[in-house]
Amino acid sequence: MAIVDLVMPKLGESIMEATILKWNKQIGDNIAVDETVLEIATDKVDTEVPAPFAGKLVEICFQVNDVAPIGSVLAKIEIAGENNMVVNSPVATATPATAVEATPTNEQPESIPYVPAPPVNTAPQETGNSEARFYSPLVLNIAQSEGVSLSDLEKIPGTGSGGRVSKKDILNWVAAKKSVANAPVDSSAAAPVATSVAATTPTQASSVAPTTAAPTSAASNPAGVVLSGASEIIEMDRMRKLIAKHMVESVQTSPHVTSFSEADVTNLVQWRNNNKAAFEKREGTKLTFTPLIVECLVAAMKKFPLINSSLDGDKIIIKKDFNIGMATALPNGNLIVPVIKGADQLNLVGLSKSINNLADAARNNKLKPDDTQNGTFTFTNVGTFGSLMGTPIINQPQVAIIAVGAIKKRVAVIETPSGDSMAIRHMMYLSLSYDHRIIDGSIGASFLTEVA
């Protein structure tokens with residue numbers, strides 16, 4: 001019998017580690033080829049790791065909630081054979097992120113979407129032993145969001161490969177620091193603390209000193225929320241925390257401007273109603289409004305290439321690929337944005353199948369890591385839930401996002417060669433949020449008008 005190492009696969013260009021969510025198999029269980037052994041999660045998507053060979057699970061190397069670096073051995077499987085082997089999971093072959101977008105090598109990878117890692121942090125740094133220390137983009141992202149300086153980052157002991165700081169290491173360090181800051185301060189210690197604060201801000205010494213003994217945990221509750229007996233406290237799940245973090249960082253990164261327009265989609269509605277049954281019977285997939293709208297978006301983006309770009313410092317990077325992300329609501333209320341790759345290369349049938357497959361995979365938790373990477377523009381349908389319009393938040397590092405509202409019948413004025421007339425039309429509002437650093441109102445409004 002031979003032992004096969006089940007290795008953490010490559011999950012994207014800049015993803016260096018993943019969290020173990022669940023073991024579907026336990027030690028002693030028999031495993032079929034391609035059967036799911038465990039479920040893992042990155043900061044973008046949850047995915048499954050299948051077995052490369054049939055055999056029996058003989059060892060589990062990581063427990064639930066452990067953070068495993070890419071390339072580490074997750075488990076050992078006993079198979080028929082003579083020599084021990086190291087096998088990467090087939091998941092790795094489903095995520096060729098480097099082949100999707102041919103951009104300059106100095107462009108910030110898009111798999112960490114909201115806060116580009118500061119270049120200074122990725123360069124070799126002087127440490128106590130004069131050796132360069134590597135930090136993954138995820139660790140740098142956490143450090144920036146938690147206000148961890150580079151000097152503090154260098155002091156964190158790493159448990160990863162070669163002493164590398166892992167996600168678990170930095171989160172534990174941050175939690176320990178917060179627990180020390182929130183520790184009760186006795187009367188004997190209060191005076192020195194007050195003196196230290198007063199020395200830092202002498203002009204406010206009288207007002208700062210009396211409050212130093214108050215718990216600093218109030219910083220996590222800046223709004224001063226008062227809890228009553230009828231309140232219910234619900235802990236955010238992992239995805240909701242990431243969404244909250246990304247939304248705040250996007251607003252802090254880009255000055256948002258939103259333009260609105262109204263589209264008469266009567267002809268679109270009538271064409272779909274006349275063709276959707278035959279289309280589904282012929283192609284085996286449903287014809288929704290989404291592929292029709294995506295087709296319009298791509299045509300308009302080609303006329304306004306700045307909409308399909310990103311900003312890297314003082315450089316504007318115009319994307320030649322048209323990878324359209326579509327915001328998809330999950331059954332638990334969270335949101336994920338799978339990406340339609342090469343939307344400009346797909347006809348209506350291809351767009352319909354791609355969109356329906358991605359939506360189904362999202363709702364059934366079957367998305368692969370590559371399915372949510374390298375988007376260049378995002379589309380969200382707020383009309384699905386009855387909203388007439390919305391002001392969407394940009395999906396970083398993109399520079400624009402469009403929202404479409406519910407289609408409603410309204411009386412409208414129709415201009416004809418013989419004169420104006422009143423008619424009942426299908427109308428829909430469009431709203432485009434864009435990064436005002438590089439997209440002015442004239443371009444944003446012109447693009448929106450072109451889509452309408």
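Reader: What am I looking at, and what got counted?
Author: This is a predicted model: local features need pLDDT of at least 70, side-chain atom pairs count only at pLDDT 80 or more, and totals for chains, interfaces and linings use all residues. Residues are numbered from 1 along each chain as its sequence is written, and side-chain values use heavy atoms, with hydrogens and water left out.

Reader: What's the mean pLDDT?
Author: The chain mean is 79, and 75% of its residues reach 70 or more. pLDDT is the predictor's confidence in each residue, from 0 to 100.

Reader: Where is the pLDDT below 50?
Author: Residues 89-131 are one such stretch, with 98 contacts beyond near neighbours in sequence. Residues 187-219 are also below 50, with 13 such contacts. Contact means heavy atoms within 4.5 Å. Where pLDDT is low, the predicted coordinates should not be read in detail.

Reader: New topic. How many residues are in the largest nonpolar core?
Author: It has 43 residues. Those with the most contacts inside it are L297, I324, I340, F377, L432 and F447. A nonpolar core is a set of buried Ala, Val, Leu, Ile, Met, Phe, Trp, Tyr and Cys residues joined through side-chain atoms within 4.5 Å.

Reader: Which elements give two or more residues to it?
Author: Among them are α7 (238-253), α9 (289-303), β20 (419-435) and α11 (441-451). A second, separate core of 23 residues includes L6, L11, V37 and L57.

Reader: What does I340 touch?
Author: Leaving out residues up to four places away in sequence, its contacts include V294, F322, I324, M326 and L358.

Reader: Why call β17 largely enclosed?
Author: Because four of its five residues are buried.

Reader: Which strands pair with it?
Author: β13 pairs with β17 in the parallel sense over three bridges. There, G325 has T378 of β17 as its bridge partner. β18 also runs parallel to β17, joined by four bridges. N381 stands opposite V404 in β18. Two strands pair if DSSP finds at least two bridges between them.

Reader: Now D169. Where is it found?
Author: In helix α4 (residues 167-181). D169 counts as buried because its relative accessibility is 9%.

Reader: What does its side chain reach?
Author: The backbone nitrogen of T159, at 2.8 Å. A polar contact is a pair of N or O atoms within 3.5 Å; within protein, one must be able to donate a hydrogen and the other to accept it, and residues adjacent in sequence count only if both atoms are side-chain atoms.

Reader: And T372, where does that lie?
Author: In the loop between α10 and β17. T372 is buried, at 6% relative accessibility. A polar atom of its side chain lies 3.2 Å from the backbone oxygen of P369.

Notes: Buried < 20%, exposed > 50% of the residue type's maximum accessible area, 1.4 Å probe, protein only.
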